[in-house]
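Here are my notes for a first look at this structure. Please read them with the model open beside you.

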Amino acid sequence: MMLASLRLKKNEERRIKQGHLWVFSNEVDNHVTPLKDFEAGQQVIIEAANGKPLGMGYVNPNTLICARLLSRSAKVELNAKFLKRRIQAAQSLRELNFDEPYYRLVFGESDGLPGLVIDRFGDVFVVQITTAGMEAVKDDIVQVLENLYHPQAVVLRNDTKSRELEGLPLYEEVAVGSLPEEIVIVENGAKFVIPVEGGQKTGWFYDHRMARKRLQDLVKGKRVLDVFSYLGGWGIEAAVAGAESVTCVDASESALDGVERNAALNGVSDKLTLIQGNAFDVLNALRLEADKFDVVIVDPPAFVKRKKDLKQGAEGYRRINEIAMRLLEIDGVLVSASCSHHMSRDHLLTQVQSAARHIDRQVQLFDQGHQGPDHPVHPAIPETEYLKSFFFKVSQSW
C-alpha cells in the first residue's frame with residue numbers, strides 16, 4: 001500500500017540520521033504535512049525537509065512524540081512479516097545470553113520495535129503495547145508469537161498508564177490459550193512463582209538479573225535486608241546462595257505473600273522474615289530497635305518518573321540510602337539501585353556519598369550493575385539505558 005508522507009522541518013532530521021527513532025511534534029512541517037490530517041497509529045514515510053525519505057514509521061498526531069521510526073527503508077510496512085523478522089532477531093540475542101526461556105524477549109526501541117515489550121516465562125508470553133502504532137497491529141503480534149513459539153498462553157497486559165497518553169484504553173486479557181495454575185521461572189538458581197495477572201508490570205523484573213547474581217557472591221553466612229522486595233528477587237536469591245537470614249520489606253501484602261510462597265518453593269522459609277509497611281517507616285523502626293545487617297539492598301520504584309521530579313526524587317534516594325547505612329554493620333555492604341532514567345549514575349553516586357558524609361561513613365564503590373542483556377541499550381537512544389546498581393563497602397569515616 002502507498003503510505004502517506006510526514007515531512008520534517010529543515011535540519012530536524014539530524015537526530016534521526018544519528019540513529020534516534022523519535023520525531024517530536026515541533027519537528028514536523030505542519031504546512032506541508034499537517035499532523036491533524038493523520039490518524040493515531042497510521043503508518044507513514046518520514047521525510048527530511050527536502051523530501052528525501054528517512055524511513056518508515058508510525059504517527060500519533062496527539063502526542064509529544066508524534067512519530068517513531070521502524071525502518072530506514074521506505075519500502076517496508078509494519079505487518080506480520082516485519083514483526084516476525086524483528087522478533088526472530090531479538091530471539092537470537094537472547095539465545096546468545098541465556099540457556100533457559102526466561103527473559104525479556106522484546107525491549108521496544110532497542111529491538112527495533114518501539115512501543116512493544118514482550119516478556120517470556122517459558123511457554124507463557126506477556127505482551128505490553130504502549131503506542132497506537134503497535135496497537136494497530138496487535139493481532140499480528142499475537143499471531144507471530146503463536147506461529148513462532150506455539151505458546152501455552154499469550155497475555156496482553158495493556159494496563160499501563162502510559163497508554164492513556166496515546167489515547168488507548170487500558171485492559172488485560174488472555175489473547176491465546178489459557179494460563180496455567182502456576183507460572184514458575186528460574187533465575188540464578190532460584191525459582192519464582194510469577195503473578196502474570198495482577199502483578200506489577202508484566203509480573204517480574206528481569207532487568208536486575210545480573211546484579212542479583214553478583215549479590216550472591218557476597219552473602220554467604222550474612223544477615224541480609226531486602227528493601228522494596230516485591231516478590232523477593234534479591235532476598236530469595238540471597239537465601240538460596242547461603243545467606244544466614246533475610247528480611248524482606250514491602251508495602252504490598254500481596255507482594256509479601258509472593259515472597260513467602262517463593263521462599264517455600266526454594267526451601268528457605270526458615271531464613272525469611274517479612275515486614276509489611278512503608279520502607280522509610282520500617283527502616284526507622286528497625287533502627288530504633290538497634291537491628292543490624294551485613295548486607296542491605298535498596299531497590300526502590302522510580303523516585304524520579306519525570307525530569308521535573310528530579311530534585312524531590314534525588315532527596316528520596318539520599319534519605320533511603322542514609323537510613324540503610326545506619327542499619328549496616330561496620331564494613332557491611334550496601335547495594336543501592338535505581339530504575340529512574342532521569343536519575344543518572346553520577347547523580348545517584350552523589351546522593352549516596354552525601355548520605356554517607358551526613359552520618360560520618362566512608363563508602364567505597366567496588367562494583368556496578370547494569371540492566372541485563374535482555375534489556376539491550378540502543379547507543380543512539382539514551383532513554384533505553386535506565387537501570388543502575390552500586391555495590392558499596394560502608395566503613396567508619398577515615
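1. A term first: two strands pair if DSSP finds at least two bridges between them. Strand S1 and strand S3 (residues 42–47) meet this with four bridges, and they run parallel. One of the bridges to find is that of Leu 6, whose partner in S3 is Ile 46. Keep in mind throughout that this is a predicted model.

2. Now widen the view to the whole sheet. Five strands make up an open sheet, in the order S1-S3-S4-S5-S2. The pairing is mixed. Strand S1 (4–7) and strand S2 (22–24) are the edge strands. Each has a single partner strand, so one side of each lacks a neighbour in the sheet. On average, neighbouring strands here are turned by 40 degrees against each other, direction ignored. As background, strands of a sheet pair through backbone hydrogen bonds, either parallel or antiparallel.

3. Next, a helix pair. Two packed helices are described by the angle between their axes and the distance between the axes. For helix H6 (residues 209–216) and helix H7 (residues 233–240), the axes come within 9 Å and cross at roughly 35 degrees. The crossing of H6 with H7 is right-handed. H6 contributes Ala 211, Arg 212, Lys 213, Leu 215 and Gln 216 to the contact, and H7 contributes Gly 233, Trp 234, Glu 237 and Ala 238. Sorted by class, the contact has four nonpolar, two polar and three charged residues.

4. On to the cysteines. How many disulfides does the count come to? The count is zero, with a pair of sulfur atoms required to lie within 2.5 Å. Take Cys 339: the closest cysteine sulfur is in Cys 248, 18 Å away, so the two are too far apart for a bond. Cys 339 counts as partly exposed because its relative accessibility is 25%. Cys 66 has 1% relative accessibility and therefore counts as buried. The limit for buried is under 20%.

5. Last, a loop residue. Where is Lys 161 found? Look in the loop between strand S9 (153–158) and helix H5 (162–165). Is Lys 161 buried or exposed? Its relative accessibility is 57%, so Lys 161 counts as exposed; the cut-off for exposed is over 50%. Compare its position with that of Thr 130. Lys 161 and Thr 130 are 31 residues apart in sequence. In space, their C-alpha atoms are 8.8 Å apart.

Conventions: Residues are numbered from 1 along each chain as its sequence is written. This is a predicted model: local features need pLDDT of at least 70, side-chain atom pairs count only at pLDDT 80 or more; totals for chains, interfaces and linings use all residues. Side-chain values use heavy atoms; hydrogens and water are left out. Helices (H or I, at least four residues) and strands (E, at least two) are DSSP runs, numbered from the N terminus. Axes are lines fitted to C-alpha atoms, for helices over the stretch in contact, and angles run from 0 to 180 degrees between N-to-C directions. A crossing is left-handed if the near helix is turned anticlockwise from the far one by less than a right angle, and right-handed if clockwise. Contact means heavy atoms within 4.5 Å. Ala, Val, Leu, Ile, Met, Phe, Trp, Tyr, Cys and Pro count as nonpolar, Asp, Glu, Lys and Arg as charged, and the others, Gly among them, as polar. Buried means under 20% relative accessible area, exposed over 50%, partly exposed in between (1.4 Å probe, protein chains only).
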